[in-house]
Amino acid sequence: MSNNQKKRNFQIEAFKHRVVVDPKYADKTWQILERAIHQIYNQDASGLSFEELYRNAYNMVLHKFGEKLYTGFIATMTGHLKEKAKLIEAAQGGAFLEELNKKWNEHNKALEMIRDILMYMDRTYIESSKKPHVHPMGLSLWRDNVVHSPKIHTRLLNTLLDLVHRERTGEVIDRGLVRNVTKMFMDLGESVYQDDFEKPFLEASSEFYKVESQEFIESCDCGDYLKKAEKRLTEEIDRVGHYLDAKSEDKITSVVEREMIANHMQRLVHMENSGLVNMLLNDKYEDLGRMYNLFRRVTNGLATVRDVMTSHLREMGKQLVTDPEKSKDPVEFVQRLLDERDKYDKIISTAFGNDKTFQNASNSSFEYFINLNARSPEFISLFVDDKLRKGLKGIADVDVEVILDKVMMLFRYLQEKDVFEKYYKQHLAKRLLSGKTVSDDAEKSLIVKLKTECGYQFTSKLEGMFTDMKTSEDTMRGFYGSHPELSEGPTLIVQVLTTGSWPTQPAVPCNLPAEVSVLCEKFRSYYLGTHTGRRLSWQTNMGTADIKAVFGKGQKHELNVSTFQMCVLMLFNNSDRLSYKEIEQATEIPAPDLKRCLQSLACVKGKNVIKKEPMSKDIGEDDLFVVNDKFASKFYKVKIGTVVAQKETEPEKQETRQRVEEDRKPQIEAAIVRIMKSRKILDHNNIIAEVTKQLQPRFLANPTEIKKRIESLIERDFLERDNTDRKLYRYLA
């Protein structure tokens, strides 16, 4: 193609003839459409051509008559709705809602058809002129001309509220019809539903429940009242599901909660003979669960229940631990505590959904009242002692673990864990030395639990006691292996106890029978020959013996007795009659121990292998003793216990307390040094606080004692006071 070739120019020309629009076109077309709208509203639309009607509406918009079409549609629809409103107003009684529902359904069908016809106007003219679309406009017209019509508006609301009231008072209503009417409100917009129905409905409900709750609280007990409140709550939730907007659920339930629960909380929990305390006392799990579930719905509801439960539990626990009658038997005392603990555990798990805050409240209450009784550590140890001596016989291992876990739970509440340790050590020593423990596994299991709870320091000596028992068995095998000639005659079994591991016992003097004394000397020689640098001292007050006895008519028995009892009984091999003074002189057993020993041999029915003259319960220094030839027992083996007080006597208690206080001193000092070593400088109040916190797992340190220990450390140059501020302490490396 050559460069000089001419460019072609294209030109678009207008039509040669002009399009002329009929001046009456808009009116004629609108009349067709208006007639169609009338037919639709009169339910006579079967003969209409919707395609033709759509085209007519389309052309009107195309020819810029959108405004005429829009205003015409509004005016026509308004006229029809006003007619419908009159028909609805005329309906009487129950027909009123039915008529409203019927006309609403007709209006919706008509609106859909009209919207389809005017679809082009909806998409173009209405979009560009920012007017309401056909469907929303149709709903607004229904709202303004029907729902808000002066003769319908109030009547409609009152009819609905009356139906709800009748349903609440037990009548059956047409729920489907009510559902359709409330759905109409929702379709007209959220604000219409809320303003025209929901707000008045909530106000009426509030008044209804205010009156009803007052009637109920005057006539019902707490349990029944809660049942009624629960029933009402369920009914309202059900009502929302059937014919209200789902968003109304929270609002109506909060009305019921406020009027039936929050406004009567205090009165309900404190209701006489049926409130919370009554439920707790009588294990009313169902009522407690109901109270928990209802009260958790309102502000401070659970706090109210928790506070009342806590104050009741503390008061009841305080009575339990401070009542002297209930403290007489330590085993029963602890069992009562465990029963209470089980009871509240069950209430919290069954009724309170294992709520952590309730568990914490229960724990702090138990800790509070268990420590009100200074003897709780001793009693818990005695309870364990009783269980491990005889109480766990024939019980499955799993159940044994359950009992031990419960004991550990009480142990955790103790503030003076070191006092428990002291007693536990004494009781364990007696069990091990007398061979009275039901199960070594149970003993070791408890020590493992204590170790987990308090650390290695707490149990190292207890574990040492078990080690000694095992070592002693090996020692005895070695002793008899090196003395085969001792297989005939009395048998001696010795337990060698490491001084630091076992509770310190003063060595009580006692003259052993010659036969036994010889064996003891042989054992001493053997032991000291195999171990260097050790000393042995005999703890005769902790031993036992089995001796064979023949009574008057030749009846034979094997008597299981203490070492002291053996010493006394062996004297009767050489004498028929002995006075108290003679026995005392021959055995050299201290008077209190000797009296207890003779009491158990002569005064316990069925175990009285010797007779006392004169016969009485107490041992006097002028008493005479003879062998009881008439002694008889259906058992060949007869165990003769020593008359002992299960609980400590007052002087023993003082002594134990003194030992505990002495043991605490180095622990307090060690804590002070540890803290000062890391902090270097610290004031008095902070040292007290930190030492208390550090020692809390073992005992509650006394601030006065901490002060004394600080003074002692200053004297020994571990700490010094600041020159300017006397309350400041410095660590000296």
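In helix 7, the buried residues are Val134, Met137, Gly138, Leu139, Leu141, Trp142, Asn145, Val146 and Val147. The helix belongs to a predicted model of a protein with 30 helices and nine strands. The radius of gyration of the protein is 49 Å, well over the 27 Å that the globule rule gives for 733 residues, so the protein is more spread out than a compact globule.

**Helix 7**
- Helix 7 covers residues 134–147; at 1.5 Å a residue, its 14 residues should span 20 Å, and the 19 Å between its end C-alpha atoms agrees with this.
- An α-helix has 3.6 residues a turn, so residues three or four places apart point the same way.

**Isoleucine 173**
- Isoleucine 173 lies in the loop between helix 8 (150–168) and helix 9 (175–187).
- Isoleucine 173 has a relative accessible area of 10%, and because buried means under 20%, this residue counts as buried.
- Apart from neighbours within four places in sequence, isoleucine 173 is in contact with Leu163, Glu167, Val178 and Tyr243.
- Between isoleucine 173 and methionine 121 there are 44 Å in space, C-alpha to C-alpha, and the two are 52 residues apart in sequence.

**The whole protein**
- The C-alpha atoms fill a box of roughly 155 × 90 × 65 Å along the principal axes.
- Of the 733 residues, 44% count as buried.
- The accessible surface comes to about 39900 Å², and 51% of this area belongs to carbon and sulfur atoms.
- Among contacts between residues at least 6 apart in sequence, 70% join residues at least 24 apart.
- The protein has 113 positive and 111 negative charges, and the mean positions of the two groups are 3 Å apart.

Technical notes:
Residues are numbered from 1 along each chain as its sequence is written. This is a predicted model: local features need pLDDT of at least 70, side-chain atom pairs count only at pLDDT 80 or more; totals for chains, interfaces and linings use all residues. Side-chain values use heavy atoms; hydrogens and water are left out. Helices (H or I, at least four residues) and strands (E, at least two) are DSSP runs, numbered from the N terminus. The radius of gyration is taken over C-alpha atoms; the globule rule is 2.2 Å times the number of residues to the power 0.38. Buried means under 20% relative accessible area, exposed over 50%, partly exposed in between (1.4 Å probe, protein chains only). Contact means heavy atoms within 4.5 Å. Accessible areas come from the Shrake-Rupley method with a 1.4 Å probe; for residues, only the protein chains shown count as cover. Lys and Arg count as positive and Asp and Glu as negative; His and the chain ends are not counted. The place of a charge is taken as NZ of Lys, CZ of Arg, CG of Asp or CD of Glu. The expected span of a helix is 1.5 Å times one less than its number of residues.
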